[in-house]
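Let's take a walk through a protein chain together. Have a look at the picture first, and then we'll start from one spot and zoom out.

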Amino acid sequence: MSKLRFLGVGAGQCQTLGCSSAVFEHAHTRLLIDCGHGSLQRYLERYTTLPQFIYITHLHYDHIADLQALFYQARFNSEPNNRPQLFIAAALVPKLVHMFDQESAALAEGNCNMWQWIQLIPVTQGFWLNQHYFKIYPTRHHAPNSCFSLHLPGVFFYSADTRPVPEIIHHALSGSETIFHDCRLCANPSHTGLDDLPREYVPEAIERLVLYHYLSEQEGRDMQAKGYQIATPNQLFDLSPLAIASTQTVTPINKITL
């Protein structure tokens, strides 16, 4: 059975909620989604070992800051043939490599840099991981092709940071996925706001939403008071098709006329 556990659910400035990060679990496979400040420590507290597989949605530091810590710990605590594998959209690879370049991410001990110890795997449309094929799509966050969502068809969709993406939600999903969606009370040019949801998405999609990346615990409670389900730190979600329907209590604020 597949599950998804949130390590953190907040925007970068909210330390109590932790930087948004999650782990997809299936059998013995675990895929860490994003690795911002504090995410690696939360992962180690839960799973005790370093992540073997990581997917990075975009390059803001609240989503990648702990990659250098991962490199250091992998270098001194792992075997050379068990390097962490990092999946990332090919469009982001040049900038990521530049951010952790030869000089800023190198060790005097052992004469190696970050990319000699972390296996970087560029992704165009999707990637295989232990019999699962994950798709990626560009989202609406800051600049074009700067952030990419993650989709396991029929199981879950993880929006990453984004404005509403009805072109994905309504056309790329099968209709059974749990939808983990970036949202806060008030929208801005790079993030979805609560009022966006009933305007942009059909009711059937709204019923499958779980909201994360909000600004504070109070903001999360306010979104719950509007009838939406939110994710909380360390919360584990069952990703079987009927699981979200059995726990969801969302009532759309407005009906959408098609």
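Which backbone nitrogen lies 2.8 Å from a polar atom of the side chain of Asp34? That would be the backbone nitrogen of Thr57. Before going on, a word on what you're looking at: this is a predicted model, where local features need pLDDT of at least 70, side-chain atom pairs count only at pLDDT 80 or more, and totals for chains, interfaces and linings use all residues. Residues are numbered from 1 along each chain as its sequence is written, and side-chain values use heavy atoms, with hydrogens and water left out.

Back to Asp34. You'll find it in the loop between strand E3 (29-33) and helix H1 (39-47); helices (H or I, at least four residues) and strands (E, at least two) are DSSP runs, numbered from the N terminus. Leaving aside neighbours within four places in sequence, Asp34 is in contact (heavy atoms within 4.5 Å) with several residues, including Ser20, Tyr55, Thr57 and His63.

Now move to helix H3 (residues 67-77), whose buried residues are Leu67, Leu70, Phe71 and Ala74. Buried here means under 20% relative accessible area, with a 1.4 Å probe and protein chains only. These four cover an arc of only 100° around the axis (taken from the directions from the helix axis to the C-beta atoms), which puts them on the same side of H3. An α-helix has 3.6 residues a turn, so residues three or four places apart point the same way.

Finally, zoom out. The chain has nine helices and 15 strands, and of its 258 residues, 55% count as buried.

Key:
Polar contact = N/O pair within 3.5 Å; in protein donor to acceptor, adjacent residues only side chain to side chain. Buried < 20%, exposed > 50% of the residue type's maximum accessible area, 1.4 Å probe, protein only.
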